Amino acid sequence: MAINKEDQLRIDVVRGAKAVFTKGLVEAGEGNVSVRHGKKEELFITPSFNQYETLKKDEIVHLNFEGTSISAGKLPSTEAKMHIEIYKTRPKVQSIIHTHSPFATMLSIVRKSIPVIMEEMYIFLGGSVDVSEFGEAHTLEIGEAALKALDTKNAALLANHGVIVCGKSLDHAIKFAELVEKLAKMYWGSLQIGTPYVISEKQLEPFEKLYESMFANYPRHLRKRIEK
Ligand SMILES: [Zn+2]
């Protein structure tokens with residue numbers, strides 16, 4: 001029997017949630033995963049108090065961009081407002097993941113952005129991973145702060161809170177969430193043993209096209225990549 005579109009999106013959210021849980025980027029009850037509902041102003045998101053190990057598709061919450069639940073079931077994640085704000089502002093974004101992965105969160109607590117320390121960081125994320133202004137969790141404010149820190153990039157650290165990533169697909173978002181934690185760990189480790197060298201903008205030029213064509217999802221009016 002063919003699976004309908006909405007069921008498929010619920011299954012996708014469960015897959016994303018299990019992926020970030022398995023990779024150790026979230027623990028029970030924290031973080032959230034969502035996907036956009038095609039061209040509709042709607043999304044599917046993990047429920048509040050999400051139990052990743054036992055999560056089933058029928059627990060996934062279907063919301064519109066006003067934050068109203070469309071289907072019966074669990075309460076939406078309290079951080080849904082942040083997801084909605086990003087979907088509204090960045091039409092190309094198809095999936096958003098928020099984690100409290102430990103190394104990235106440590107950097108967010110000391111408000112340290114991750115500079116471009118590896119080329120892959122530029123290719124997948126579009127540059128440094130910057131820390132947002134502090135915003136109270138579960139508010140619209142945190143969404144606005146996240147968007148500002150994201151700028152033209154795909155990942156940001158939320159001050160004293162965690163990580164937000166957005167992608168043109170669920171698989172991109174999973175990859176980015178994993179990459180941010182790996183980079184945070186490497187940057188943290190490098191700071192323990194010396195002074196990390198940052199890759200210069202000139203050295204990143206060859207990778208600009210790759211980022212722009214494969215992974216970038218910011219609105220065109222923000223375009224201000226490396227000057228030639
Ligand atoms: Zn959170």
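Let's start where two helices meet: the axes of helix α3 (residues 102-109) and helix α6 come within 7 Å and cross at roughly 60°. That angle makes α3 oblique to α6. Keep in mind that this is a predicted model. Overall, the protein has eight helices and seven strands.

**The α3 and α6 pair**
- The crossing of these two helices, α3 and α6, is left-handed.
- On the α3 side, the contact is made by Phe103, Ala104, Met106 and Leu107.
- Facing them from α6 are Val180, Glu181, Ala184, Lys185 and Trp188.
- Sort the residues of this α3 and α6 contact by class and you get seven nonpolar, no polar and two charged.

**The α2 and α5 pair**
- Helix α2 (residues 80-89) packs with α5 at an angle of about 45°, and their axes are 8 Å apart.
- That makes α2 oblique to α5.
- The crossing of α2 past α5 is right-handed.
- From α2, the residues involved are Lys81, Met82, Glu85, Ile86 and Thr89.
- They meet Leu140, Ile142, Gly143, Glu144, Ala146 and Leu147 in α5.
- This contact of α2 with α5 splits into six nonpolar, two polar and three charged residues.

**The sheet**
- Seven strands form an open sheet with mixed pairing, in the order β3-β2-β1-β4-β7-β6-β5.
- Strands β3 (61-64) and β5 (130-131) sit at the edges with a single partner strand each, so one side of each has no neighbour in the sheet.
- The link between β5 and β6 (residues 155-158) consists of two bridges, and these strands run parallel.
- Take Asp130 as an example: its bridge partner in β6 is Ala156.

**Helices on the sheet**
- Helix α5 (residues 140-150) packs on the sheet, where it touches β5, β6 and β7 (162-167).
- The direction of α5 makes about 135° with that of β6.
- Helix α6 (residues 170-193) also packs on the sheet, touching β1 (32-36), β4 (95-99), β6 and β7.
- The direction of α6 makes about 150° with that of β7.

**Overall build**
- To recap the inventory, the protein's secondary structure comes to eight helices and seven strands.
- The protein's radius of gyration is 17 Å, close to the 17 Å that the globule rule gives for 228 residues, so it is as compact as a globular protein of that length.
- Along the principal axes, the C-alpha atoms fill a box of roughly 50 × 35 × 35 Å.

Key:
Residues numbered from 1 in each chain as written. Predicted model: local features only at pLDDT ≥ 70, side-chain atom pairs only at ≥ 80, totals over all residues. Pairing = 2+ DSSP bridges. Helix = DSSP H or I, 4+ residues; strand = E, 2+ residues; numbered from the N terminus. Contact = placed C-beta atoms within 7 Å. Axes fitted to C-alpha atoms, helices over the stretch in contact; angles between N-to-C directions. Parallel < 35°, antiparallel > 145°, perpendicular 65-115°, else oblique. Left-handed = near helix turned anticlockwise from the far one by under 90°. Nonpolar A, V, L, I, M, F, W, Y, C, P; charged D, E, K, R; others polar. Rg over C-alpha atoms; globule rule 2.2 N^0.38 Å.
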